Amino acid sequence: MTDLDLVLKEHGLRKTTFRKELLSLFYDSNSSLTAEEVKNILGHTTDKVTIYRALDAFEKTGLIHRVPDKSNLTRYAICHSECSSIKHVHNHAHFICNSCNETFCINDIKIPHIEGAKGFLIKNAKLTLEGDCPQCQS
Ligand SMILES: [Zn+2]
Ligand SMILES: [Zn+2]
Ligand SMILES: [Zn+2]
């Protein structure tokens, strides 16, 4: 069980009931979430501005990262690596399911080191895969 109070504290974030709920939502999710989905799950009393602000703060402090989305919506997933407010450190692929439109972090696939673009300094490489997720293959 993750100590949400401690995680928020370590990332320099104020502890509010909403932020704890939001963080546990990301820890419990095996895929990723958009602001709209967060609102649908926790919504009721929380306005969108609060959700956007919290997501932004979580991203800036290295708790969650942006993942590609089939419809180009802003979608986030939990960071399992050593991310901080200084920078995000990721080397995994993302998988977009064509059936349920979910995006999954595929931590088992590491992006290979890419070089050879003459004159260009590569600082970041992204790998997005598409297909059917395990739940959608039946
Ligand atoms: Zn990260
Ligand atoms: Zn699926
Ligand atoms: Zn990811």
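Q: Which residue stands opposite C97 in β6?
A: G131 does. This is a predicted model, where local features need pLDDT of at least 70, side-chain atom pairs count only at pLDDT 80 or more, and totals for chains, interfaces and linings use all residues. Residues are numbered from 1 along each chain as its sequence is written, with chains lettered from A and ligands numbered from 1 in the order in which they are written.

Q: In what sense do β4 and β6 pair, parallel or antiparallel?
A: Parallel: β4 and β6 (residues 128-131) are joined over 4 bridges. Two strands pair if DSSP finds at least two bridges between them, and strands (E, at least two residues) are DSSP runs numbered from the N terminus, as are helices (H or I, at least four).

Q: And how many bridges between β4 and β5?
A: There are 5 bridges, and the sense there is antiparallel, with β4 covering residues 92-97 and β5 residues 103-110. F95 has F104 of β5 opposite.

Q: What's in the turn of that hairpin?
A: The hairpin of β4 and β5 has 5 residues between the strands, and N101 in the turn has a positive phi of about 65 degrees.

Q: What order do the strands take in the sheet?
A: The order is β5-β4-β6, an open sheet of 3 strands with mixed pairing. β5 and β6 are at the edges with a single partner strand each, so one side of each has no neighbour in the sheet. On average, neighbouring strands here are turned by 35 degrees against each other, direction ignored.

Q: Switching to helices. At what angle do α2 and α3 cross?
A: Roughly 110 degrees, and the axes of α2 (residues 17-28) and α3 (residues 35-42) come within 11 Å. Axes are lines fitted to C-alpha atoms, for helices over the stretch in contact, and angles run from 0 to 180 degrees between N-to-C directions. The two helices are therefore roughly perpendicular, a label for angles of 65 to 115 degrees.

Q: Which residues make the contact?
A: E21, L22 and L25 on the α2 side, and V38, I41 and L42 on the α3 side; contact means C-beta atoms, placed from the backbone, within 7 Å. They divide into 5 nonpolar, no polar and 1 charged. Ala, Val, Leu, Ile, Met, Phe, Trp, Tyr, Cys and Pro count as nonpolar, Asp, Glu, Lys and Arg as charged, and the others, Gly among them, as polar.

Q: How many C-beta atoms around E21?
A: E21 has 15 other C-beta atoms within 10 Å, which makes E21 partly exposed. Buried takes 20 or more within 10 Å, exposed 12 or fewer, and partly exposed is in between. The C-alpha atom of E21 is separated by 42 Å from that of F120, 99 residues apart along the chain.

Q: How much of the whole protein is buried?
A: 20% of the 138 residues. The secondary structure comes to 4 helices and 6 strands, running α-α-β-α-α-β-β-β-β-β from the N terminus.

Key. Parallel < 35°, antiparallel > 145°, perpendicular 65-115°, else oblique. Contact = placed C-beta atoms within 7 Å.
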